[in-house]
Amino acid sequence: LKESERQLTQYSDTFEQLQRTTRRLLETTTPEAAAEIVIVGLESAFDFHLACIWLATDNQLDPIAQTERGRSLVNDPPTYSPDADSLSWTAFEEGTTRRVSAVADHPDRANPETPIASELIVSLGEYALLNIGSTEPDAFSDADAERVQLWADTVTEAFARIDQLQQLKAREDELTRQRDRLDQFASVVSHDLRNPLNVAQGRLE
């Protein structure tokens, strides 16, 4: 009974913090800003040693946000790509969530000297990747994985919204450039036509 009450409390806290984070995400227009907001929310909602978000750019994953608690453990998060084996890149490429109970048991871990003993690796669609780590082995339960996945689904939607906004902004900028070029062309043509017309008018007079 006590365990059920504890899990219910955890879910309630998760929903409450997720709602606050979602409201803040609706105000963001860049993935970098969104990642920072998510990291702050995760650090408030979960008890872990490290969390980091990688952004997908140019066929690689670049770290863009990390919890303060994690900086003392991993000060310089790696960049992941298909050129080197890693649990994180595999999870991102497959679009899956992986719960790794013992990181040291995986020969394809990115850093053999990592202080992280267990982790949750969560794909955020085509946009990003979330890693949550602990220095303790087998630190994450099924309930933890479910709560993190709930966050991941919401965060993925936020990244998708930002991507759509950026695409719309890029199209608007391109239309503005085309309009400016047309205005410039019309001005040149108008000037070129004005001189012959003035000459013709003078001759008529």
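Tutor: A residue is called buried when its relative accessible area is under 20%, exposed when that area is over 50%, and partly exposed in between. The model is predicted. Take Glu 174 as a case: its relative accessible area is 29%, so Glu 174 is partly exposed.

Student: Which residue forms a salt bridge with Glu 174?

Tutor: The partner of Glu 174 is Arg 177, and the N to O distance between their side chains is 2.7 Å. Arg 177 has a relative accessible area of 42%, so Arg 177 is partly exposed.

Student: Why are Glu 174 and Arg 177 separated by about one helical turn?

Tutor: First the general idea. An α-helix has 3.6 residues a turn, so residues three or four places apart point the same way. In this case, Glu 174 and Arg 177 are about one turn apart because they lie three residues apart in helix α5. A pair in helix α3 can be read likewise: Glu 68 and Arg 71 are three residues apart there, and therefore about one helical turn. The closest N and O atoms of that salt bridge are 3.4 Å apart. Glu 68 is exposed, because its relative accessibility is 57%, whereas Arg 71, at 33%, is partly exposed.

Student: How many salt bridges does the structure hold?

Tutor: The structure holds ten. One of them joins the side chains of Asp 47 and Arg 69, with 4.0 Å from N to O. This pair links distant parts of the chain, 22 residues apart: Asp 47 sits in the loop between α2 and β1, and Arg 69 in helix α3. With 74% relative accessibility, Asp 47 is exposed, while Arg 69, at 34%, is partly exposed. Asp 47 and Arg 69 also belong to a network of salt bridges that includes Glu 43.

Student: How should I read the core? Which residues have the most contacts inside the largest nonpolar core?

Tutor: The general idea is that in soluble globular proteins nonpolar side chains tend to be buried together. Here the largest nonpolar core has 31 residues, and the most contacts inside it belong to Leu 42, Leu 130, Ile 132 and Phe 159. Two or more residues each come from α1, α2, β1, β4, β5 and α5. The largest share, eight residues, is given by α5.

Student: Which residues does Leu 42 touch?

Tutor: Leaving aside residues up to four places away in sequence, Leu 42 touches Phe 48, Leu 130, Ile 132 and Trp 151. Another core, of 14 residues, lies apart from the largest one, and Leu 50, Cys 52, Trp 54 and Leu 87 are among its members.

Student: Which residues are buried in α1?

Tutor: The buried residues of α1 are Thr 14, Gln 17, Leu 18, Thr 21 and Leu 25. The span of the helix can be checked too. At 1.5 Å a residue, the 24 residues of α1 should span 34 Å, and the C-alpha atoms at its ends are 34 Å apart, so the two values agree.

Student: How many bridges join β1 to strand β2?

Tutor: There are six, and the two strands run antiparallel. One example is Ala 56, whose bridge partner in β2 is Leu 61. β1 and β2 form a hairpin with two residues between them.

Student: What is the phi of Asp 58 in the turn?

Tutor: The phi of Asp 58 is positive, about 50°.

Note on methods:
Residues are numbered from 1 along each chain as its sequence is written. This is a predicted model: local features need pLDDT of at least 70, side-chain atom pairs count only at pLDDT 80 or more; totals for chains, interfaces and linings use all residues. Side-chain values use heavy atoms; hydrogens and water are left out. A nonpolar core is a set of buried Ala, Val, Leu, Ile, Met, Phe, Trp, Tyr and Cys residues joined through side-chain atoms within 4.5 Å. Buried means under 20% relative accessible area, exposed over 50%, partly exposed in between (1.4 Å probe, protein chains only). Helices (H or I, at least four residues) and strands (E, at least two) are DSSP runs, numbered from the N terminus. Contact means heavy atoms within 4.5 Å. Two strands pair if DSSP finds at least two bridges between them. The expected span of a helix is 1.5 Å times one less than its number of residues.
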